[in-house]
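Visitor: I have a model open on my screen and would like a guided look at it. Could you take me through some of its details?

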Amino acid sequence: MASHPTPILPSAFQAHLRQLVPQDAVAWSNYLSLPGVIEHTSWGDVSVEALQRQIADPARSTRCRRWAILDSDDQLLGTVGLNDIDIEHHRAELAYDLSPDHQGRGLATGAARAVIAWAHTALGCVRIQATVLDSNLRSIAVLERARMQREGLLRSYRHVRGQPRDFWMYAHTHPQLHGGQGDDRAAP
């Protein structure tokens, strides 16, 4: 995959993105391990070691992009990125998480919008999709504020902590890249 510039967050957030590095795993694990943070997600192992392996996995570099969301002091606030990038079919899956200390100010929505716009422009993705556990009301709100459209319920889509769970499918399609059909409202 060709090198592209990093998505840009609006300056109002006083935050920026950079590629995740293995040293981010400690702060990432710390907030993901807080009570309730991953309760309504499909996260499994959030140990420092597991996150370091995820960051350093060379096979992931062609099918995943993940950025650290950092404040002006380069402290990790969250992450945002794309999983399952499929250049042949011009699609990818949006993923994000945010420390509870930094939720509620629009940062996840701003980061999601920036990555959606970047994926359409830099990668030529026509479709950006996201799956969200049906009980994850905060993430559902982020996806809707990021102007993604709910497409349907995926019954027993993933096992979450040993139980089959339902997920909503959301998507944003780019009209200029999709023959004039779709939704281009995710521009930051």
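Guide: Happy to! This is a predicted model in which local features need pLDDT of at least 70, side-chain atom pairs count only at pLDDT 80 or more, and totals for chains, interfaces and linings use all residues. Residues are numbered from 1 along each chain as its sequence is written, and side-chain values use heavy atoms, with hydrogens and water left out.

Visitor: What is the strand order of the open sheet?

Guide: Strands here are DSSP runs of E with at least two residues, and helices are runs of H or I with at least four, numbered from the N terminus. Two strands pair if DSSP finds at least two bridges between them. The open sheet has 7 strands with mixed pairing, in the order β1-β2-β3-β4-β5-β7-β6.

Visitor: Which strands stand at the edges?

Guide: An edge strand here has a single partner strand, so one side of it is left without a neighbour in the sheet. That describes β1 (15-19) and β6.

Visitor: Is Glu93 buried or exposed?

Guide: Glu93 sits in strand β4, residues 91-98. Buried means under 20% relative accessible area, exposed over 50%, and partly exposed in between, with a 1.4 Å probe and protein chains only. Because its relative accessible area is 8%, Glu93 counts as buried.

Visitor: Which side chain does the side chain of Glu93 join in a polar contact?

Guide: A polar contact is a pair of N or O atoms within 3.5 Å; within protein, one must be able to donate a hydrogen and the other to accept it, and residues adjacent in sequence count only if both atoms are side-chain atoms. For Glu93 the separation is 2.9 Å, and the partner is Thr131.

Visitor: With which residue does Asp134 form a salt bridge?

Guide: A salt bridge is a side-chain nitrogen of Lys or Arg within 4 Å of a carboxyl oxygen of Asp or Glu. For Asp134 the closest N and O atoms are 3.5 Å apart, and the partner is Arg165.

Visitor: How many residues apart in sequence are the parts that this pair ties together?

Guide: Asp134 lies in the loop between β5 (127-133) and α4 (137-145), while Arg165 belongs to strand β7, residues 163-173. The pair therefore ties together parts whose separation in sequence is 31 residues.
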